[in-house]
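This briefing covers salt bridges, pockets and aromatic pairs in one structure, with the criteria behind each term.

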Amino acid sequence: MKFIKTNLSNRVFTITLSRSEVMNALNPEMIKEITKAFQSASKDKKVRVIVVDAEGAIFCAGADLNWMKNSIKQTKKENLSSANALYDMYYAIYSNPKPVIAKIQGSAYGGGVGLIACCDIAIMSANSTLSLSELKLGLIPSTIAPFFQRKIGLHNLKYYGLISKKIPADECKRIGLVHDTVASQDELDAKASEYVETFMTLSPQAITRFKKLCDDIEYLSAKKAKKITSEEIADIRTTKDAQEGLTAFFEKRKPNWP
């Protein structure tokens, strides 16, 4: 059984969560499918942009109820294995060399919020909410914590994890968890298309290297960042992409990216 749908069109790879009958809740099989889809897209030269969307009224309800029930009976070793698989999915999204856009047509909870936090760009329906509600179940938002922290900071991770309340769309935008809120599905599609068009004008190599640089320097002091940032700009200036981009700029034409 397939729990996601994928489509490649005009160099845009769309990954659609397709378990609307259970609010697109994550289970081990779905997690494996999402991980493989992102890993495959990361290596596919035909893919320039990745879009994540979902079917139904809810973007992602977090962990599947049956999966949570089974976890009560599992050993720590078994729970560790499933937690590692979930982390691998988040990391495949977060570390993907291609820009990743999330189209959030409905609310998301727990692990679904983690999926959003791993994406580079997030667009959200204005009447939707996000929530870290794990503490209500005696759990904690552990696996998603590093990605949530990188998105909006440790103080927000602690605050929203502790209060375990729904976060309205306008507040999600204010704290930087999402970048745009829209009123309708048409606007959601249009805004995502705007981002796609923007990414298509940029150097694929520069996107990949900039995403990696952001991760590399996040916890470095300004002094320690000197070496890595200086070496990176010195190296990229000698690449074909940079030479093409600069030449196109001076010749007042569009660059021909691979």
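Are F249 and F250 buried or exposed? Both F249 and F250 are exposed, where exposed stands for over 50% relative accessible area, buried for under 20% and partly exposed for what lies in between, with a 1.4 Å probe and protein chains only. The model is a predicted one, in which local features need pLDDT of at least 70 and side-chain atom pairs count only at pLDDT 80 or more, while totals for chains, interfaces and linings use all residues. Residues are numbered from 1 along each chain as its sequence is written, and side-chain values use heavy atoms, with hydrogens and water left out.

**Salt bridges**

- With a salt bridge taken as a side-chain nitrogen of Lys or Arg within 4 Å of a carboxyl oxygen of Asp or Glu, the count comes to 15.
- One of these joins the side chains of D189 and K103, at 2.7 Å from N to O.
- Because D189 lies in helix α8 (residues 185-200) and K103 in strand β4 (residues 100-104), this pair ties together parts that are 86 residues apart in sequence; helices (H or I, at least four residues) and strands (E, at least two) are DSSP runs numbered from the N terminus.
- D189 is partly exposed at 29% relative accessible area, whereas K103 is buried at 12%.
- R150 and E218 form a salt bridge in which the closest N and O atoms are 3.3 Å apart.
- Since R150 belongs to helix α5 (residues 145-152) and E218 to the loop between α9 (204-217) and α10 (222-236), the pair ties together parts 68 residues apart in sequence.
- R150 is partly exposed, with a relative accessible area of 30%, and E218 is partly exposed, with a value of 30%.
- In the salt bridge between E244 and R253, the closest N and O atoms are 2.7 Å apart; E244 counts as buried at 18% relative accessibility, and R253 as partly exposed at 31%.
- Salt bridges with shared partners join R150, D215 and E218 into one network.

**Pockets**

- A pocket is an open set of points on a 1 Å grid over the protein atoms alone, where a 1.4 Å probe fits, with protein on both sides within 12 Å along at least five of seven lines, and its lining residues have an atom within 4 Å of a point.
- The largest pocket holds about 930 Å³ of space, a volume being the space filled by probe spheres set on the points.
- Of the 32 residues that line the largest pocket, A63, W67, M68, E134 and L139 are the closest to its centre.
- Helix α3 gives the most to this lining, with 7 residues.
- The second largest pocket has a volume of about 590 Å³ and is lined by 25 residues, with Y94, D120, K211, C214 and D215 nearest its centre.
- Helix α9 gives the most to the lining of the second largest pocket, with 8 residues.

**Aromatic pairs**

- Rings of Phe, Tyr and Trp (its six-membered ring) pair if their centres lie within 6.5 Å, and planes under 30 degrees apart count as stacked, over 60 as edge-to-face and the rest as tilted; the structure holds 6 such pairs.
- The ring centres of Y87 and F147 are 5.1 Å apart and their planes stand at 45 degrees, so this pair is tilted.
- As Y87 lies in helix α3 and F147 in helix α5, the pair ties together parts that are 60 residues apart in sequence.
- Y87 is partly exposed at 32% relative accessible area, whereas F147 is buried at 3%.
- F249 and F250 have ring centres 5.3 Å apart and planes at 75 degrees, so their pair is edge-to-face.
- Ring pairs link Y87, Y90, Y91, Y94 and F147 into a cluster.
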